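Take a walk through the packing of this chain.

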Amino acid sequence: MSETPRQILVDKDLRPACYDDFHCLAENCRYSCCKGWRIAFDKKDYLSLKRQKGSAELDARMENGVRRIRKGPLAESFYGEFHMERGVCPLLREDGLCQLQMEKGHAALPSVCRVYPRTEAHMPSGCLERSLSPSCEAVLALLWDLPEGIEFRLDPLPEKERKNVTITAGSPMPLWFSAVRDWCIDLLQNRKYSLSQRIWLMGLGLKELADGKTDIRRWMERAALLPVSVDPSVLRPAGDSETAMFLSSCVRILLGIQNSDPVLLPVRTQVLDALELKPHEDAGTLTIPLNPYRRASARFSEQFRGREYFMENLMVSVFFHLRMPRMTSVEELWRSYVNFCNLYAFFRFMSVMSCREGASADREELFRLMVFASRTLIHDSQRQSRLRDELFQSGSATLAHMAILLCG
């Protein structure tokens, strides 16, 4: 079938209701977005920054702190970056405020700084979809305060913000993105089942599409009945071998993470120490003791009893933020599900490890590890792809293996 371009008018504004409540914590933020990662921008922002003049302090910071990207993986996509000495933006003051913003106002910042942690995209759903990244402490606080779950708001988009997006009609899948995604999010918020059971049921349904079901309308009818027609109790609690496989997968991810944020830098070593492991050990050959993790898991269940909704809110937020499921092809659909399971497993692992022996096991420590996990995975699409592709290459991208990741 030839691929015929099709125009979709984006004329609606879709976002989580908590999006409207977000505000930056500024100097009160413990995990500043001005630390710990690369901050790059386009040519327009680069030139705008180079033209900024202000106090002697600002001029000195700008002179040494803004540079061109001339080589490396970002050189073609990004034009300039802040020189992050010891992992800290050169414009960040000791009081946690930005020197440029203090002198020149919010509009003087590059787009990446003005927008974060917000994102928006014109989607084939006909919506301008706006979301919040859970890599921000203030976003996690919003999710913490939603015991009834995340609600979404749908409003008409102002006419000046409307635009057409082009999709190819050779496959019906992109046209069903909104309906399939709504089904996934409804299932993620179905509290009749545990969160791991909900994600497994979602995979059971998406696998049919990934296996080539072309009548999506019929699939939607069957999918609507899936939560009541399938017993998710077949997703059994993990035994020793499953727990060992789960931990091996998560530790392998952890061993590959480097972070330069002075506040988040110790996380990796602290978690590995709690598991009685060393940062230099090879994840492919190490033996991970199960008891340290199981003790942390028992403590986590006790400490956060009644707060199970937080992980639900987190994963719904991640799912929406990453525009899942990918509906460009049947292959991408399943790849996005495998990626989501990988993300959930690591978030679950890190949340449990917030209750490791010697940790404070409170909301603040949970948030610290969730920020760490988000910044090292949600904002690193290359790492996500590499971890996902490793599962496909090893023959582990099956629903059965996903069940191991989900039950750990």
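The largest nonpolar core holds 101 residues, and Met-202, Phe-349 and Met-350 touch the most other members. Such a core is a set of buried Ala, Val, Leu, Ile, Met, Phe, Trp, Tyr and Cys residues joined through side-chain atoms within 4.5 Å. Buried means under 20% relative accessible area, exposed over 50%, partly exposed in between (1.4 Å probe, protein chains only). Helix H13 (residues 330-353) gives the most to this core, 15 residues. Helices are DSSP runs of H or I with at least four residues, numbered from the N terminus. Apart from this core lies another, of 26 residues, including Leu-91 and Leu-109.

This is a predicted model: local features need pLDDT of at least 70, side-chain atom pairs count only at pLDDT 80 or more, and totals for chains, interfaces and linings use all residues. Residues are numbered from 1 along each chain as its sequence is written, and side-chain values use heavy atoms, with hydrogens and water left out.

Now the rings. Rings of Phe, Tyr and Trp (its six-membered ring) pair if their centres lie within 6.5 Å; planes under 30 degrees apart count as stacked, over 60 as edge-to-face and the rest as tilted. The count comes to 16 aromatic pairs. Phe-319 and Phe-340 pair edge-to-face, at 5.1 Å centre to centre and 80 degrees between the planes. Phe-319 lies in helix H12 (residues 308-321) and Phe-340 in helix H13, so the pair ties together parts 21 residues apart in sequence. Both Phe-319 and Phe-340 are buried. Elsewhere, ring pairs link Trp-144, Phe-300, Phe-304, Phe-310 and Phe-367 into a cluster.

How values were computed: Helices (H or I, at least four residues) and strands (E, at least two) are DSSP runs, numbered from the N terminus.
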